[in-house]
Amino acid sequence: MIGYILFGLVALVAIVSAVGMLLSTNAIHAALFLVINLICIALFYLGLNAPFLAMVQITVYAGAIMVLFLFVIMLLGAEQVTLKSQLKWQAPLAIVLAVVMIAATFLLFFNVQASGGLSPLAPISEDPRQTETFGSPYAVGEVLFGAYLLPFEMTGVLLLVAMIGAIILTRNEAGGMRDEQRAASNE
Amino acid sequence: MIDFLTLTIEAAIKAALMILSLLTGFAYTTLLERRFIARIQQRVGPNRAGPWGLLQPAADGIKVIFKEDIIPNGADKVIFTLAPALTAIPALIILAVVPLGGDVNVFGYRTSLALTSTNVGVLYILAVTSISVYGITLAGWSSANKYAMLGGLRSTAQMISYELAMGLSILAPVMVVGSMSLADIIDAQKNVWLVVYQPIAGLIFIITMYAETNRAPFDLPEAEQELTAGFHTEYSGMKFAAFYMAEYMKMIGVSVIAATLFFGGYRLFGLENLLGGWMGPVILIGKVMLSLLLFVWIRATLPRFRYDRLMDFGWKVLLPIALANAAITAVLVVLDPWWYRLI
C-alpha cells in the first residue's frame with residue numbers, strides 16, 4: 001500500500017517535470033526539469049530493490065552529464081530557445097511515435113498478464129527473482145563481467161576512442177600546435 | 001504496518017538528531033575557525049558575546065535573520081531563491097549512510113547509531129557529491145552578475161575535475177575491504193587503519209576534499225581579489241548565511257567520511273565500546289575536530305592556487321596518480337601477496 005502511494009507521488013513528479021522540460025523556453029530551466037526527472041527514475045530503481053543502479057543513475061546522469069549540459073549552456077549563453085522550429089514535420093511525427101509507444105507499452109502490459117506471468121501491478125516482494133543479493137553491487141558485477149563481458153569491454157573501448165577523439169579535436173586548432181608551442185614559436 | 005511505523009519513527013528521530021547536531025556543529029565550527037585563525041595571526045578573535053565568545057554564533061544568527069533580503073533586478077528569481085537550498089541539502093544528507101557509532105541502548109531499546117545501512121554506501125556518497133555542484137553553479141548563473149557567473153563556472157569546473165580523483169581514491173579502500181558498505185569498511189579497520197594500507201589514496205582524498213568544499217587553497221570560486229565574492233556576490237541575509245552553512249557542514253561531512261574511510265571511523269583500539277557504546281561518537285567527534293583544525297590551519301597558512309595550475313594539478317597530477325594507485329591496488333588484491341597481508 002505504502003509502496004503504491006510512494007510510486008504514485010514519484011510518478012506524478014516525473015510526469016510534471018517531463019512536461020515542464022518540454023514546455024520551458026529557458027534552456028537552463030529545461031535542463032533542471034530533466035535533472036528532476038532523472039532523479040525520479042533513480043527513485044523508481046530504489047523502489048525496485050536496485051540501490052546500485054539508483055546510485056549510478058544519480059551519479060552519472062543527474063550528476064556528471066547534466067552538469068556538463070548546464071556548463072555548456074552557460075558558457076555559450078544559449079539560455080533562450082527560439083520557439084520557431086526549422087523542422088515543421090517534426091511535431092506530427094513525434095505525436096504519431098508517442099501514440100505507438102504508449103500502445104506498445106499497454107500491449108506488453110496486458111500480454112504478460114494474459115500469458116499467466118506475474119501481474120505488473122503485483123508487489124515487488126512477490127517476484128520470484130527477488131533474492132537476497134538481487135541488485136547488489138556483487139550481483140551486478142557478476143553479470144557485467146560474466147554474461148555480458150564482450151559488450152562491456154567493447155563499450156569501454158568505444159568510450160576510450162571517443163575520449164581520444166575529443167582530445168585530438170581540441171588540440172588540432174591552429175595547425176596542430178598547442179598553446180605553449182605557439183607561444184614558444186612566437187618568441 | 002506496526003513494524004513500518006516504528007521503523008519510520010526511529011528513522012525520523014535519528015534524522016532530526018543528525019540535522020540538529022550538524023547545525024550545531026556548523027555554528028561552532030565558525031567560532032572555532034575565527035578563534036583559531038585569530039591565534040595564528042596573533043589577534044584575539046571574537047570574545048565579547050558570552051564566556052570565551054561562546055554565544056557569538058547565536059549573535060551572528062540573530063543579526064543575519066534581520067538583514068534585508070535583496071534579489072537583484074535581472075536575476076532569475078526562482079532559481080536565485082532555490083540555489084542556497086540546493087547547496088545546503090546535499091551537505092545535510094551526505095552523512096545518512098555513515099555509521100556514527102556501534103549499537104547502543106536507549107531506554108532499553110537496542111538501536112544502531114547509523115541512520116541507515118546500505119550495501120552501496122560509498123556510491124551514495126559519490127552520488128550526493130556529484131549533485132552538490134548544482135547549488136553554487138546556479139547561484140552564479142541566476143545572479144545576473146559577471147563575477148558571480150565566473151565564480152559559478154570556476155566552481156563547476158573545479159568540482160568536476162577533482163571529483164574524478166576523489167572517486168578513484170575512494171575506490172582503493174573499497175577494493176581492499178571488498179565491500180561498499182561503510183559499516184564493513186569500519187569493521188575492517190578494527191586493528192589497522194586503512195590509511196596504512198592506502199597512504200596514497202588517503203593523501204589524494206584529503207587533497208580533493210579541500211577542493212570539493214571550495215576551501216583554501218582551492219577557494220577560487222570566491223577569490224575576493226578578482227571576483228568580489230564570487231558566486232555569492234549578490235546574496236544577502238539568510239540566503240547568504242545558507243551558503244556559509246553549506247560550506248561548514250560540507251567540511252564536517254567530508255571530515256567524517258575521511259575518518260570513516262581511512263582513519264577507523266568511530267573505532268579507536270576498542271575504546272569505542274566504553275560507556276555502553278556511547279564512546280564511539282565521542283571518538284568520531286574528536287577525529288572530526290582534528291580534521292577541522294587542519295582545514296583552518298591550511299586556510300591560514302597556504303596561499304591560493306592560480307586557476308590554470310589548479311586545473312593542471314587536478315588533471316595531470318592527482319588523476320594519473322589516483323588511477324595508477326587504483327590499478328596497483330586491484331592487482332595486489334587479486335594476487336594477495338604475503339607481505340601485503342602482513343601490514
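**Helix packing and a chain interface**

Biologist: At what angle do α2(A) and helix α3 (residues 51–76) of chain A pack?

Modeller: This is a predicted model, where local features need pLDDT of at least 70, side-chain atom pairs need 80 or more, totals for chains, interfaces and linings use all residues, and side-chain values use heavy atoms, without hydrogens or water. Residues count from 1 along each chain as its sequence is written, while chains are lettered from A and ligands numbered from 1 in the order written. Helices are DSSP runs (H or I, at least four residues) numbered from the N terminus, and axes are lines fitted to C-alpha atoms over the stretch in contact, with angles from 0 to 180 degrees between N-to-C directions. The axes of α2(A) and α3(A) are 8 Å apart, and the angle is about 175°.

Biologist: How do α2(A) and α3(A) run relative to each other, roughly parallel or roughly antiparallel?

Modeller: Angles under 35 degrees count as roughly parallel, over 145 as roughly antiparallel, 65 to 115 as roughly perpendicular and the rest as oblique. With the angle at about 175°, α2(A) and α3(A) are therefore roughly antiparallel.

Biologist: How many residues of the contact of α2(A) with α3(A) are nonpolar?

Modeller: Contact means heavy atoms within 4.5 Å, and residues in it include L38(A) of α2(A) and Y61(A) of α3(A). Ala, Val, Leu, Ile, Met, Phe, Trp, Tyr, Cys and Pro count as nonpolar, Asp, Glu, Lys and Arg as charged, and the others, Gly among them, as polar. One residue here is polar and none is charged, and the nonpolar count is 22.

Biologist: And what is the hand of the crossing where α1(A) passes α2(A)?

Modeller: The axes of α1(A) (residues 2–23) and α2(A) (residues 27–47) come within 8 Å and cross at roughly 155°, so this pair is roughly antiparallel. A crossing is left-handed if the near helix is turned anticlockwise from the far one by less than a right angle, and right-handed if clockwise. The crossing of α1(A) over α2(A) is left-handed.

Biologist: Turning to chain B, how many charged residues are in the contact of α6(B) with α9(B)?

Modeller: α6(B) (residues 146–177) and α9(B) (residues 199–212) pack at about 150°, with axes 9 Å apart. Among the residues in contact are E163(B) of α6(B) and E212(B) of α9(B). By class there are eleven nonpolar and three polar residues, and the charged ones number two.

Biologist: Which three residues supply 27% of the area that chain B buries against chain A?

Modeller: Buried area is the accessible area (1.4 Å probe) that two parts lose on being put together, summed over both. The chains bury about 2000 Å², 82% of it on carbon and sulfur atoms. Supplying more than any other three residues of chain B are Y134(B), W141(B) and L153(B).

Biologist: How many salt bridges are there between chain B and chain A?

Modeller: A salt bridge is a side-chain nitrogen of Lys or Arg within 4 Å of a carboxyl oxygen of Asp or Glu. Between chain B and chain A the count is zero.

Methods:
Helix = DSSP H or I, 4+ residues; strand = E, 2+ residues; numbered from the N terminus.
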